Amino acid sequence: MVTSEAPTKLYGVTKPLSMAGPTEVDLQRTRELEKFLVQAELYESKEEAAKREEVLGRIEQVVRGWVKQLTRLRGYTDQMVEDANAVIFTFGSYRLGVHGPGADIDTLCIGPSYVNREEDFFFVLYNILAEMEEVTELQPVPDAYVPLMKFKFDGISIDLLYASISVLVVPKDLDISDMSVLYNVDEPTVRGLNGCRVADQVLKLVPNVEHFRTTLRCLKFWAKRRGIYSNVTGFLGGVNWALLVAQICQLFPNAVPSMLVSRFFRVYTQWHWPNPVMLCAIEEHELGFPVWHPRKNPRDRTHLMPIITPSYPCMNSSYNVSISTRRVMMEQFQYGNKICEEIELNNTQWNALFKPYLFFESYRNYLQIDIVGADDDDLRAWKGWVESRLRQLTLMIERDTYGKLQCHPYPYEYVDTTKPCAHCAFFMGLQRKSGEKVQEGQQFDIRRAVDEFILSVKMYRFWKPGMEINVSHIRRRQIPLFVFPGGCKQPRNLKPTPFDQSGKLSDGIDGASQTGSGGKHLKREKDPYGGNSEEYRLEKRQCPQRPDLVALEIDSGRLLECASSAQGGMSTISSEGTDQKIQHLQNSEGRSFSDSSVVTCASYEDVGIQSESAACGSEENNRSDDGSMEGSNNPASSRSDSFDVDSEFCSDNAHVEGDGVFQDALQEKLEVLNLSSLTFYISFSSLCLAVKIYLLVSLSIPLFAFSSNL
């Protein structure tokens, strides 16, 4: 008698890859992982959880009073005023149950059809909240993809969205999963409602909610430590990570968290993007909202890493991902996979997986985006707007360099407390695409991209005086000290471990792909910042910051700089040598540089971006990583006032900032030059003497004879 096997339960659109359950070793690793997450303080206390519930209740009271006030102002009956209502729903990490201490609460306010977003929400409710003592850091973001207000209520961070549905009275027991809430609403409202609908659907589609939550909490923490947790800058946000983890839970329904984390990296390092991640089949509806469908919608074919939401209308939640950010994430997935393989072999522990990514040691060239406001409130609003546009800068650079210059926007901000005004800065790593052939004279010209980015940022409709932005190029050794813990730059690891990102891991972030030869690579490893030990000691005593306003152009790895004013119309910089360059460029090109951005033209060699910089009034060595000279501010050591564009030094009125190491090397060259000159002079003098003797001897005979005849 043949017995048929029970059909495998289908949790997603495909069958599970494995139905295997955990072994005792897997259970032990899961306990160790959970213990690590607790020690990392990823779980909030009971007191904080109770306070969150209290805050949500008070916000709901505020919005109900707000709706009743508007109902009365619009002339509705007393009964309508009494029945008027608004409800608060949560979504995101709080709704999924994976939030940690200090995390914000994503909330959605649903109100009646006669209460709109533009005036009632962003004006009337804003003023109500602004007058409350409990509310601080209130910031409206009406231009976001999903318009919202950000604020803190009694110390709890809140992101508040608004959705107006087509009913006069919002029921207290509103079922948000019902399709009727989508009738006669605009697309921003649909996107707001979908936040809650997606969270509910995800929890329904995973086999084990607790295993899903533990795994998601772990991977969100990992993504933040590795610098790839940010939807706004082109990486993945909370909903994206939730959908990726839910897919793994569907593929391995009986696995425990330690297994799911390992399978996560194993699956997504081999995932053939742009094949989409989908938890359920995409459905269409008579409501007619657009859904993700690459066959019907040409725009959907351009998405690089589609992660599809499971509720109608199904959309790609990761449309922000670019070529550069996907590359960075795939490298990090490979890193995570290697660590998990070591954990399974008992060669390392869970803490190795969560080592922070050493961003400021991974690239040789960076863009620094400085953001300044008149005060903290202005800076908060201005920074939010600029941060939302950083993704566009990545896309513009990719466009203008045909994808050959890769960008790594870092999603964290840094503050220079020494500045007299409110300030923060973002950074972006730059490197040539791995495998690109270096051709002499070819350049990465990103001036147009930077100018276009600055122009788009200045379109901010809430701009106020004092809101300024400066984009500048810096080398690794010029990274400002305020980005490092304690304001002190630490030496890089001279002997990188197989999983040390500051070393040359197989992801190629800062390895042979960035060095011209093995010799250069070995030389770079002798010194943390690419020079010799004496240069390193000198650099430690200097401030590694760059001039506020520097524009540069490079050919064949050499540098040409110009400067621009933050206010526009005047080119200013502290370095006398750079002033001369500006004047020459203005005279030769018939124009002035009057933007607050860096105008950068980079060559293929060494990513084509090199910099010379004088910071805090100090002179800094500007030797390239291969030890070649890039100019000098010392007129005595200047080789020439100008050089031909095709010569070794591509610079106009080139100057190099000298230091002891440079002077020693220059002195050696001069000694060799003087010795050669002396040898040549002696030889030439001897030849002249011989010629003179010959002429005297040869001419004296006829003269003497002629005289004798006289």
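## Overall picture

Buried here means under 20% relative accessible area, exposed means over 50%, and partly exposed is anything in between (1.4 Å probe, protein chains only). This is a predicted model, where local features need pLDDT of at least 70 and side-chain atom pairs count only at pLDDT 80 or more, while totals for chains, interfaces and linings use all residues. Residues are numbered from 1 along each chain as its sequence is written, and side-chain values use heavy atoms, with hydrogens and water left out.

The protein chain has 710 residues, and 52% of them count as buried. Its secondary structure comes to 16 helices and 13 strands; these are DSSP runs (H or I, at least four residues, for helices; E, at least two, for strands), numbered from the N terminus. Take the contacts (heavy atoms within 4.5 Å) between residues at least 6 apart in sequence: 72% of them join residues at least 24 apart.

## Salt bridges

Side chains of opposite charge can pair when their charged atoms come close. The structure holds 28 salt bridges, each one a side-chain nitrogen of Lys or Arg within 4 Å of a carboxyl oxygen of Asp or Glu. One of them joins Asp200 and Arg95, at 2.6 Å from N to O. Asp200 sits in helix H6 (residues 187-205) and Arg95 in helix H4 (residues 92-96), so this pair ties together parts that are 105 residues apart in sequence. Arg95 has 21% relative accessibility, so it counts as partly exposed.

Arg191 pairs with Glu187, the closest N and O atoms being 3.7 Å apart, and the two are four residues apart in H6, about one turn of the helix. Arg191 is buried at 17% relative accessibility, whereas Glu187 is partly exposed at 41%.

Then there's Glu344 with Arg263, whose closest N and O atoms are 3.7 Å apart. Glu344 belongs to helix H10 (residues 323-344) and Arg263 to helix H9 (residues 257-268), so the bridge links parts 81 residues apart in sequence. Glu344 is partly exposed at 30% relative accessibility, and Arg263 falls on the buried side at 19%. Elsewhere, shared partners join Glu54, Arg58, Glu134 and Asp154 into one salt-bridge network.

## Helix H8

Helix H8 (residues 238-251) runs for 14 residues and reaches 20 Å from first C-alpha to last, close to the 20 Å expected at 1.5 Å a residue. That expected span is 1.5 Å times one less than the number of residues.

H8 is mostly covered, with 12 of its 14 residues buried. Among the buried ones are Trp241, Leu244, Ile248 and Cys249. What lies over them? The cover includes H4, H6, helix H7 (209-225), H9 and H10.

All seven residues of strand E2 (residues 105-111) are buried, so the strand is largely enclosed by the rest of the structure. In a regular strand the side chains alternate between the two faces of the sheet. In E2, Ile105, Thr107, Cys109 and Gly111 point one way, while Asp106, Leu108 and Ile110 point the other way.

Strand E1 (residues 87-91) is antiparallel to E2 over five bridges, and Phe91 stands opposite Asp106. Strand E5 (residues 156-164) runs parallel to E2, joined by seven bridges, and Thr107 stands opposite Leu160 in E5.

## Two other spots

Tyr76, Leu168 and Val169 form a nonpolar patch on the surface, with about 230 Å² of accessible area together. Patches are built from residues with over 30% relative accessible area and no salt bridge, joining like charges within 9 Å and nonpolar side chains (Val, Leu, Ile, Met, Phe, Trp, Tyr) within 5 Å. Val169 lies in the loop between E5 and H6 and is partly exposed at 34%.

Finally, Glu48 lies in helix H2 (residues 46-73). Is Glu48 buried or exposed? Glu48 is buried, with a relative accessible area of 19%. Leaving aside residues up to four places away in sequence, Glu48 touches Pro101 and Gly102.

Methods. Two strands pair if DSSP finds at least two bridges between them. Accessible areas come from the Shrake-Rupley method with a 1.4 Å probe; for residues, only the protein chains shown count as cover.
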